[in-house]
Each structure stands twice: as structure tokens, then as C-alpha cells.
Amino acid sequence: MNKNSYSDRYKEAGVDVTAGYKAVELMKSHVARTQIPGVVSGIGGFGGLFQPNLCGMKEPVLVSGTDGVGTKLKIAFLLDKHDTVGIDCVAMCANDVVCCGAKPLFFLDYVAVGKNVPEKVAAIVSGVAEGCVQSGCALIGGETAEMPGFYPVDEYDLAGFCVGIVDREKIVDGSKLEAGDALIGLPSSGVHSNGFSLVRKLFAIDEENVRLYVPELGGTLGETLLTPTKLYVKPVLALLERCEVKAISHITGGGFFENIPRMLKNGLTAKIDTASIPKLPIFDLMQKTGAIPTREMYNTFNMGVGMCIAVAKDRVDTALAALKEAGTDAFVMGEVVPGEEGVVLC
């Protein structure tokens, strides 16, 4: 910790630089958990250094992704629980990167706070570190900004940036997709980190009802909603080793109707068998509470599917077996058919 750097006048304005130094010290053990071969620098420098292993790659291509946690953070504020939202932050970035067939290499986070409480910042970063461990990438840097007057003293925002790598000839881009290909779904853990503006409005989330036990959820409303986004990186990378994957879609904001068409070629449509998708009670509860039309549910939420993967029909068994060995109980959720609709629910 830097003992010679301090400013009483800056502290009077709401920014305590010494709290920032303490937060860095507290987060170092969490960052250390994410170290992988290739990390050159520790945290604290002006830039994070990483040396990728390019052995065996003909034309290495870097793939980047950036995102935040969104208004799901409001649930964390109400519950005063901050050690899981970092997982969401990593997942929203790393899951996007792996859709191209890329292996995430490193991650950087950005935490903007109304008041720097070192223990809270360290808790946030512990979640980021856990997300990095789950996705096999390194946390090599980040930034904590104390912004009094911009954020309330007990609130913050969290965003991140991920870089991965893939050999050009192995990029997954949907170019080989054709009618008759099967669509495999990877189950979500819940609402993940999208649609929370609607979620909070539906339940009129406040200090009291966020802690209410809901029998059909098997827990409190807040605990269910705060369930971290699932990381799909390791299962998908394991699948790529065993089977040709034609296209991948990460089901985030906009649900099926916005995200699945992003992996399709013109003239192709995803025909989804909704009965094949495992039902999560939280989605039924939201739909009933808000009297939301089914199509709008699938156009807003992941509805139990965090990722959709397209493979040739004769490779389905191989793909399902590879995913199961990697710890994911995937399922066939539909097929690719001719058409311009993008997505059709059946």
C-alpha cells in the first residue's frame, strides 16, 4: 500500500485515495486465483500484459467482447450481496467471445462507485475472479473509480472487457449452416443478466418483497433473481474439440427473437420446440404476474436456454455426449429450416 499518497482536501470532496489502495490489497488474493500461463504482469500497473501461446495456430485472430451487469445490480444493492455480480459480468463477455469459437485469454473490469468501501469492492472483484476461473481466463487488470455525486454512496456500476483467440480456419460464423441442422440448447441458471428493468417493474422490487420466500421458487425472490449467469466457455470449448459446430448464439437481452437470428444465414429460420426446453419456475411466475404474452417472454428473456448451438443432424449424439462429459445436460431444442422468419416457436 502506498503510504505517502493521500489528500485531505480530495477526501473532503468525497474521494478517498487511500481506500482505493486498500481495495487493491484486498483483491490481490482473488486476482491470484485467475492466473494462467501467459500472464506477464500483476495488477497495479498502467496496463495488463499477456503473452498468448500461438503454437499450432496458422492465423491467430483476436476476439473481443464487452458488457456490464445492468440493472440486476439493483437486486445486489437491496440484498447487500456483492460477491456474485462479478460472475455475471464475466459471463456476459466470455460467453459472447466463445460464440466465435474463441478461447478467452484475459479479462479486465471497471467498477465505478459512489463511495469506495474497500471490502465491498473486494467482494465485487471476488465474483469477477470466480467468473474468470470458471471460464479459464486471467484477470489481468481493471479500474476502480470513486465518483461522489454521480452515484449514490451505496451504489456502483460494473462492466468488463474480455479478449480471446481462435485460429482463423476454426472461427464459428454460421457460414456452413444449412436446413436440416439440429439446434442444441444449453440450460440457463435463471434470468441471467438481462431484462431486469422489466423484472423489477413486474415484482415492484423493494426492500421487503425482495426477501420474501416464494414456495414455487424454493427460495426468496431476491436469491432467485441474483443467481449468477452460467458460464458456457469450458463446455463449448470441449464440444469444439469433439464435433464440428456450425453456429452459436448466446441468448441475452432480446431473447430468442433477437439473438438466434444473429447466427443464421439469409433464407434460414430456427424452428424451436418450446416443449423440449426445461421449465424454470421464475419464468412462469413472471409471465403470470405480468400477464405477458408468450411471444414477448421469448423476445425478452432466455426462457431457460442460455446458449443455442447448431450442429449437423448426424452429429447430435456426439455433441450431447461431449457436453455431458463437460458437465452440461444439453438438449435438442429445434432445427434449422428454410424461411425468412428468423425464429418460429412451435
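Start with helix 6, residues 196-203, and helix 10, residues 281-290: their axes come within 10 Å and cross at roughly 60 degrees. Axes here are lines fitted to C-alpha atoms, for helices over the stretch in contact, and angles run from 0 to 180 degrees between N-to-C directions. Helices are DSSP runs of H or I with at least four residues, strands are runs of E with at least two, and both are numbered from the N terminus.

This is a predicted model, in which local features need pLDDT of at least 70 and side-chain atom pairs count only at pLDDT 80 or more, while totals for chains, interfaces and linings use all residues. Residues are numbered from 1 along each chain as its sequence is written, and side-chain values use heavy atoms, with hydrogens and water left out.

Back to the pair. Helix 6 and helix 10 are therefore oblique to each other; under 35 degrees would count as roughly parallel, over 145 as roughly antiparallel, 65 to 115 as roughly perpendicular, and the rest is oblique. The crossing of helix 6 past helix 10 is left-handed, meaning that the near helix is turned anticlockwise from the far one by less than a right angle. Helix 6 contributes Val 199, Leu 202 and Phe 203 to the contact, and helix 10 contributes Ile 282, Leu 285, Met 286, Thr 289 and Gly 290. Contact means heavy atoms within 4.5 Å. By class, the contact residues are 6 nonpolar, 2 polar and no charged. Nonpolar covers Ala, Val, Leu, Ile, Met, Phe, Trp, Tyr, Cys and Pro; charged covers Asp, Glu, Lys and Arg; the others, Gly among them, are polar.

What does strand 11 pair with? Strand 5 (residues 182-187) runs antiparallel to strand 11 (residues 331-338), with 4 bridges. Gly 185 has Phe 331 as its bridge partner, and Ile 184 stands opposite Val 332. Strand 9 (residues 268-272) also pairs with strand 11 in the antiparallel sense, over 5 bridges, with Leu 268 partnered by Pro 338.

Conventions
Two strands pair if DSSP finds at least two bridges between them.
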